[in-house]
Amino acid sequence: MKSVYEYFLRDLKKWLRGRVFVLTALIMPAAWLVFVGMALPTRFTDNYVGFITPGILVMTMLFSSFQGGSLMIFDKVLGFMNKFLALPSPRESILFGKIAFITFRGLLQATVILALAVLLGVRLPGIAELVFIYLTLGVFGVLGAATATTIALKVDDHDGYAAVNSMISMPLFFASSALMPYRDMPEWLRVLASMNPVSFATDTVRSMFSGTIEIGGIAVLAVLGLIVLGVSTYMFRQATV
Amino acid sequence: MSVIVTENLTRYYKDLCAVDHVDLEVGREIFGLLGPNGAGKSTIVKMLTTLLRPSDGRACVCGHDVVKDAVRVRESISYVPQEMALDIKLTGRENVVLFARLYGVPNARDRTDEALGLLGLADRADELVRGYSGGMRRRLELAQALVHEPRVLFLDEPTLGLDVAAREKIWEHVHALKEKGMTIFMTTHYMDEADRYCDRVAIIDRGKISAIGTPQGLKGEIGRSVVTASVSGEPGAFSLEGVRLLKVDDHELVFMAGDGADALAAISQELKRQGLEIHSLSVRETSLDDVFLQKVGTPEDRSAFDGSKYRLMLRRR
Ligand SMILES: Nc1ncnc2c1ncn2[C@@H]1O[C@H](COP(=O)(O)OP(=O)(O)O)[C@@H](O)[C@H]1O
Ligand SMILES: [Mg+2]
């Protein structure tokens with residue numbers, strides 16, 4: 001699996017050398033936390049920043065993963081996939097490299113959010129809970145990145161991907177427990193939200209913040225992740241240009 | 001032993017038959033696939049490099065089936081696609097090291113230095129590719145393909161859009177590789193290049209192979225010389241031994257002949273006999289272009305707007 005690392009390194013280097021993108025990638029989710037957490041007129045709970053921090057963390061992973069799908073679109077449109085698919089290294093390492101980079105980048109962004117949240121007065125949980133928060137975000141990131149990259153493999157161009165992206169990631173976010181507690185949701189939303197992987201991740205992270213380590217959510221996400229990884233691996237092995 | 005064999009290789013894009021029952025056998029040589037845009041050259045290369053599945057027929061590279069044994073095929077080949085794809089934010093060296101590692105060659109660093117040296121890029125290796133010229137980029141792609149020692153090298157239009165000097169350089173390298181025992185399968189629509197550098201060529205048009213052989217052999221088939229006469233008056237019929245009237249264009253007559261010098265005399269005599277006034281008379285050797293015209297007809301550009309070329313142009317500025 002050395003080739004996974006090589007693909008990861010390639011994307012990482014390219015990202016770090018486009019400095020502006022690094023900056024915007026870190027600022028964008030921070031802006032969400034400040035605007036949504038501080039400035040939104042409706043407040044469902046007393047400590048709303050504390051309440052939505054887990055939601056914004058998961059949102060950051062979600063949006064970052066789906067945005068990461070465009071890396072695959074670039075590689076396809078610019079002809080890199082033609083070269084990579086003809087190499088003897090296992091084709092799924094292209095996929096795993098992308099997942100590794102996208103998830104890594106998402107976790108970096110999440111760390112910035114976490115630091116900002118602390119500045120805004122959110123109390124960090126203990127070290128064990130913190131490790132589990134990262135684990136949850138990581139598993140969720142892998143799930144998202146694998147889904148996004150595989151969709152991108154099948155979509156023709158940037159416009160097509162942008163459409164799919166907004167059609168999936170926005171509804172997933174808004175129909176989840178990220179922004180409001182279940183008790184304040186209308187019935188139909190509660191049903192949707194309770195089946196939404198974004199909610200599984202958010203609820204899990206939220207429980208970690210309140211000091212209870214709850215791994216049911218991680219388990220569900222991990223199972224989903226494995227299924228998607230299996231399907232994606234197969235699709236990369238069969239890929240044609 | 002044949003390195004590449006195809007039998008009835010066919011590929012449809014929906015209803016369009018881009019490659020139509022192609023049979024090829026390629027040994028250790030520089031083999032050129034010639035044809036106009038849209039003839040199906042890239043589609044053939046993509047099937048041979050396991051990027052596309054044939055709709056019908058089969059193909060083997062180094063004895064491995066391109067569908068059933070795709071991984072073994074990929075282990076034996078290198079491929080430089082028609083469209084350039086290099087990471088311009090990485091240095092030349094980084095671009096090559098990536099491929100060395102992906103091929104899993106031992107001593108990736110050393111092999112990279114060697115490949116860069118071989119293609120004359122050693123002194124610019126640590127600059128970002130952003131600053132490379134078109135010719136350097138193409139050579140860098142060759143370096144990527146040559147960090148591992150493939151048995152077969154696929155080059156899809158390797159000289160497209162390059163200036164004469166850069167093209168010469170690419171060809172020198174390709175020739176050196178063949179001397180080392182590599183098979184080179186390449187496509188081009190520059191007939192003159194294929195004539196000079198390929199051991200054998202196949203002419204393809206609308207997915208069908210219309211001629212195959214050595215450049216010399218193909219030219220010999222249609223006659224070694226082309227005589228062009230510009231005259232005034234109405235030319236009659238010609239029946240000269242070893243001379244064939246190819247076409248009449250305004251007041252220009254084009255003949256094919258076996259031996260140029262003999263034919264020249266005979267033609268000039270015949271033209272005078274018919275009472276035509278000769279303005280000019282010239283003889284040249286047949287080229288692959290002539291073969292192409294004979295076998296296929298006018299090489300009009302049948303392809304629709306080619307998005308990939310347009311993009312390539314934009315990127316090269
Ligand atoms: N992905 C594709 N979808 C539909 N048609 C295609 C596709 N790729 C190539 N074609 C068509 O197949 C024919 C052969 O194309 P190609 O193999 O690229 O030709 P060449 O490389 O000789 O210029 C052309 O008519 C082209 O328009
Ligand atoms: Mg082509």
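Between chain B and chain A there are 6 salt bridges, counting a side-chain nitrogen of Lys or Arg within 4 Å of a carboxyl oxygen of Asp or Glu. Keep in mind that this is a predicted model, where local features need pLDDT of at least 70 and side-chain atom pairs count only at pLDDT 80 or more, while totals for chains, interfaces and linings use all residues. Side-chain values use heavy atoms, without hydrogens and water, residues are numbered from 1 along each chain as its sequence is written, and chains are lettered from A and ligands numbered from 1 in the order in which they are written.

Let's look at two of the bridges. Glu141(B) and Lys83(A) meet through their side chains at 2.6 Å, N to O. Glu94(B) pairs with Arg17(A), with the closest N and O atoms 2.8 Å apart. That pair runs from helix H3 of chain B to helix H1 of chain A; helices here are DSSP runs of H or I with at least four residues, strands are E runs of at least two, and both are numbered from the N terminus. Is Glu94(B) buried or exposed? Glu94(B) counts as buried because its relative accessibility is 19%, and the cut-offs are under 20% for buried, over 50% for exposed and partly exposed in between, with a 1.4 Å probe and protein chains only. Arg17(A), at 34%, is partly exposed.

Now the interface as a whole. Chain B puts in 30 residues and chain A 25, with contact meaning heavy atoms within 4.5 Å. The buried area is about 2,600 Å², and carbon and sulfur atoms give 61% of it; that is the accessible area, by a 1.4 Å probe, that two parts lose on being put together, summed over both. Of what chain B buries against chain A, 25% comes from Leu51(B), Arg74(B) and Leu102(B), more than from any other three residues.

Tyr7(A) is buried, at 4% relative accessible area. Its C-alpha atom sits 4.9 Å from that of Gly97(A), 90 residues away along the chain. Phe84(A), in turn, touches residues including Asp75(A), Leu98(B), Phe99(B) and Leu102(B).

Phe84(A) also belongs to the largest nonpolar core, which has 147 residues, and is among those with the most contacts inside it, as are Ile44(B) and Phe185(B). A core here is a set of buried Ala, Val, Leu, Ile, Met, Phe, Trp, Tyr and Cys residues joined through side-chain atoms within 4.5 Å. Which helix gives the most to this core? Helix H3 (residues 48-77) of chain A does, with 15 residues.

Lys98(A) and Asp75(A) form a salt bridge at 2.9 Å, N to O. The two are 23 residues apart, Lys98(A) in helix H5 (residues 92-119) and Asp75(A) in helix H3. Both are buried, Lys98(A) at 3% and Asp75(A) at 2%.

Finally, chain B itself. It has 11 helices and 14 strands, and 53% of its 317 residues are buried. Chain B is divided into domain 1 (4-213) and domain 2 (223-316), bounds that come from an automatic or database domain assignment. Taken over C-alpha atoms, the domain centres are 33 Å apart.

Methods: Lists of a residue's contacts leave out its neighbours within four places in sequence.
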